[in-house]
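Please look through the sequence and the model shown here before reading on.

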Amino acid sequence: MDKKLKIVDIAARTGLSASTVSRVLAGKANTSERARAKVLACARELGVMEGMAAGRMLLNSLLVFAPQRAFDERSDIFYYRVVQSISKALAPHEVRLRYCALEENDADANLFLARINEPETQAAILLGIDDPHIHDLAADVGKPCVLINCRDARMRLPSVAPDHRLIGQFAARYLFDMGHRSVVNVLCLRRYTMDLRLAGIREAWQASNLRFQAQRDVITTPSFSARETCDAVTAWLDARGDRPLPTAFLVGGDFMAAGTIDALQQRGLRVPQDISVMSIDGFNLAAIQDVPLTAVHVPRDELGSEAVQMLQQRLLRPEAPAGTLLLHGALAVRESVRRIRPGGGRTAVGREGLYDE
């Protein structure tokens with residue numbers, strides 16, 4: 001009864017029909033933008049928004065800005081899956097999803113303004129766009145906008161991202177908890193997000209009373225590819241000569257883990273019998289060369305769904321403060337990491353637990 005009274009009240013205040021008000025509040029697409037704006041403004045004034053179901057979308061059209069590679073699974077499988085998760089989150093609703101390729105840095109500001117100012121663009125998601133000028137423009141346009149895996153330095157736009165720093169720290173701590181003390185990190189530092197992971201790894205070293213030396217403990221690669229990682233690790237192994245090898249490699253992605261394992265096997269080293277390998281990713285390659293891969297899963301599908309929910313909250317509460325939602329990773333324990341006993345012996349990790357059976 002209260003719901004019907006609210007619809008009648010909004011209809012009377014806006015001069016629109018009760019059916020039009022009902023369609024707007026139900027998130028239906030067959031209403032004009034003018035009618036939609038009037039109904040939502042009146043609904044906020046009457047406090048209707050606060051009681052609306054979170055699953056009811058209040059927009060009809062969403063535009064996703066992302067680097068071109070995000071729309072090609074072979075170029076960037078992580079971002080591609082995030083884009084697919086946005087689409088999946090919107091599937092139950094009458095929301096038209098459109099896309100626009102934009103550079104990470106030095107993006108085409110005129111293209112961005114042209115697309116976001118289109119009448120059918122009611123809200124936007126920026127995926128992996130680091131250009132601060134684009135962030136300023138997005139905030140000034142005034143349409144609901146959420147960032148994924150990037151940050152607005154001026155703190156005007158809400159964002160959702162993996163907690164890269166904590167994920168890096170957690171992964172390194174797991175290896176230390178398994179008894180490893182000589183660990184080499186294989187990372188691609190092309191973006192600040194990877195720098196955050198490295199900062200977390202450094203913190204894990206410090207917490208374990210270990211001295212971190214970048215020249216000794218980090219191998220950097222130009223990309224996340226298996227081939228370039230194999231080349232980098234092979235060169236590192238060649239330069240090491242007869243010096244003792246580390247007991248574990250912590251690698252910044254599944255394909256990088258594949259390259260690392262290839263380089264080790266080319267030298268006759270077995271994983272995990274001789275050297276353990278752990279990945280920070282864990283979605284794309286559950287096993288490498290028949291070795292089940294221990295990994296910290298970086299949230300991926302959750303990024304899209306949480307961004308959609310965050311957009312909904314911006315529509316319900318446009319004056320609410322903006323913030324950043326940092327998502328945790330999840331540990332997948334498989335067989336590529338062995339536990340090292342204090343006396344130097346090694347014990348394989350079973351699938352059912354972290355410790356000896």
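Which residues of helix 2 (residues 18–25) are buried? They are Thr-20, Val-21, Val-24 and Leu-25, where buried means under 20% relative accessible area, exposed over 50% and partly exposed in between, with a 1.4 Å probe and protein chains only. Because these residues cover an arc of only 130° around the axis, they lie on the same side of helix 2, the arc being that of the directions from the helix axis to the C-beta atoms. An α-helix has 3.6 residues a turn, so residues three or four places apart point the same way.

This is a predicted model, in which local features need pLDDT of at least 70 and side-chain atom pairs count only at pLDDT 80 or more, while totals for chains, interfaces and linings use all residues. Residues are numbered from 1 along each chain as its sequence is written, and side-chain values use heavy atoms, with hydrogens and water left out.

Helices (H or I, at least four residues) and strands (E, at least two) are DSSP runs, numbered from the N terminus. A nonpolar core is a set of buried Ala, Val, Leu, Ile, Met, Phe, Trp, Tyr and Cys residues joined through side-chain atoms within 4.5 Å. The largest such core has 65 residues, and those with the most contacts inside it are Leu-62, Ile-86, Ile-148 and Leu-250. Helix 12 (residues 301–316) gives the most to this core, with 7 residues. A second, separate core of 24 residues includes Trp-236, Val-251, Ala-257 and Ala-258.

With contact meaning heavy atoms within 4.5 Å, Leu-250 touches, among others, Ala-171, Leu-175, Ile-201 and Met-278, when residues up to four places away in sequence are not counted.

Helix 12 also packs with helix 4 (residues 77–90), at an angle of about 40° and with their axes 7 Å apart. Among the residues that meet there are Phe-78 and Ile-86 in helix 4, and Leu-303 and Val-308 in helix 12. Leu-316 lies in helix 12 as well, and it counts as buried because its relative accessibility is 11%. Leu-316 and Phe-212 are 104 residues apart in sequence and 47 Å apart in space, C-alpha to C-alpha.

The table turns to the chain as a whole.

| Item | Value |
|---|---|
| Helices and strands in the chain | 12 helices and 16 strands |
| Box filled by the C-alpha atoms, along the principal axes | roughly 85 × 45 × 35 Å |
| Buried residues | 51% of the 357 residues |

Methods: Axes are lines fitted to C-alpha atoms, for helices over the stretch in contact, and angles run from 0 to 180 degrees between N-to-C directions.
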